[in-house]
Amino acid sequence: MGKPVLFETKEGIATITLNRPEKRNAINRELLIHLYNYLDEVSTNDKIRVAIITGNGKSFCAGIDLSVIKTENLFDPRGDGKDFPDIIEECKKPIIGAINGHAITGGFEIALNCDFLIASERASFADTHAKVGIHPGWGMTQLLQQAVGQRMARQLSFTCQFISAEKAMHCGLVNEVVPHEELIPRAKQISTEICAVNQEMLGVVKDLIKYKNHVTLQEAFAYERKGFRNFVRKFLKHSKEI
């Protein structure tokens, strides 16, 4: 059947493809181990500047494979105490979700943990935690409301209903909806643009945006201004040395 996750790199762009199409890319332990290892490679490989996560087949990811939930360790698959949000948090490089089909529950959470999403016209999203009786653990209750607002998040999570790619864009969940065959080319086009910017400052900007998640607007603004003052001091010092 091949590897449960495919990985390729080209010109600074890593493409991570969930590859259990016969199971709608449902999550099992082997898939998680490969996914975590490849995300670690993105984090540590200086030649990689941006990553794309997508799925093979008709689904992006259908969530946890319920046939193995009682027999496989899906919560610490590598035995190192790290779960999916921990791996994502450690990755300081941009991660684009290229959503090719259904993103359901755990698969939806994988998408939500990406920096932003580009969706195929065939994509759809559903939070079915309440329907299947599984406690959220990868950020659904927090990241979804951050993306679409609390009232819409309540509706989606309370009803467990699917929303289309167009509806997801209307809600602010995805950045763009493109024809299906243009999904990966568009994600790679954006990735190429990211590769072309100043990588040190890109990391700073990503950190500044994320910082707002933990503090008030005033605190985040002060944090940005403090960084700017330090930047100016270093710039002036460098100019005098030249």
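# Loops, salt bridges, a pocket and a patch

User: Where is the place of Glu11 in the chain?
Analyst: Glu11 is in the loop between β1 (5-10) and β2 (13-18). Helices (H or I, at least four residues) and strands (E, at least two) are DSSP runs, numbered from the N terminus. This is a predicted model, where local features need pLDDT of at least 70 and side-chain atom pairs count only at pLDDT 80 or more, while totals for chains, interfaces and linings use all residues. Residues are numbered from 1 along each chain as its sequence is written, and side-chain values use heavy atoms, with hydrogens and water left out.

User: Is Glu11 buried or exposed?
Analyst: Glu11 counts as exposed, at 69% relative accessibility. The cut-offs are under 20% relative accessible area for buried, over 50% for exposed, and partly exposed in between (1.4 Å probe, protein chains only).

User: And what about phi at Cys160?
Analyst: Cys160 is not a glycine either, yet its phi is positive, about 60°. You'll find Cys160 in the loop between α6 (150-159) and β9 (163-164). Cys160 is buried, because its relative accessible area is 8%.

User: OK, salt bridges. How many are there?
Analyst: The count comes to eight, taking a salt bridge as a side-chain nitrogen of Lys or Arg within 4 Å of a carboxyl oxygen of Asp or Glu. Side chains of opposite charge can pair when their charged atoms come close.

User: Which residue does Lys206 meet in a salt bridge?
Analyst: Lys206 pairs with Asp115, at 3.0 Å from N to O. The pair links distant parts of the chain, since Lys206 is in helix α9 and Asp115 in the loop between α3 and β7, 91 residues apart.

User: Are Lys206 and Asp115 buried or partly exposed?
Analyst: One of each: Lys206 is buried at 14% relative accessible area, whereas Asp115 is partly exposed at 38%.

User: What about Arg186, which residue forms a salt bridge with that one?
Analyst: Glu176, with the closest N and O atoms 2.8 Å apart. Arg186 lies in helix α8 (residues 183-195) and Glu176 in strand β10 (residues 176-178), so this bridge ties together parts that are ten residues apart in sequence. Arg186 is partly exposed at 21% relative accessibility, and Glu176 is partly exposed at 24%.

User: Which residues do salt bridges with shared partners join into one network?
Analyst: Asp40, Arg78 and Asp80. Asp80 is partly exposed, at 36% relative accessibility.

User: Switching to pockets: what is the volume of the largest one?
Analyst: About 960 Å³. On a 1 Å grid over the protein atoms alone, a pocket is an open set of points where a 1.4 Å probe fits, with protein on both sides within 12 Å along at least five of seven lines, and lining residues have an atom within 4 Å of a point. Grid points are joined across faces, edges and corners, and the volume is the space filled by probe spheres set on the points.

User: How many residues line the largest pocket, and which lie nearest its centre?
Analyst: The lining has 32 residues, and those nearest the centre are Asn113, Cys114, Asp115, Gln146 and Asn213. Two or more residues each come from α2 (84-90), α3 (106-112), β7 (116-120), α5 (140-148) and α9.

User: Which element gives the most to that lining?
Analyst: α9 does, with five residues.

User: How does the lining of the largest pocket split by class?
Analyst: It has 18 nonpolar, nine polar and five charged residues. Here Ala, Val, Leu, Ile, Met, Phe, Trp, Tyr, Cys and Pro count as nonpolar, Asp, Glu, Lys and Arg as charged, and the others, Gly among them, as polar.

User: Last topic, two loops. Is Ile48 buried or exposed?
Analyst: Ile48 is buried, at 3% relative accessibility. Ile48 lies in the loop between α1 (29-44) and β3 (50-55). From C-alpha to C-alpha, Ile48 and Ala14 are 6.5 Å apart in space and 34 residues apart in sequence.
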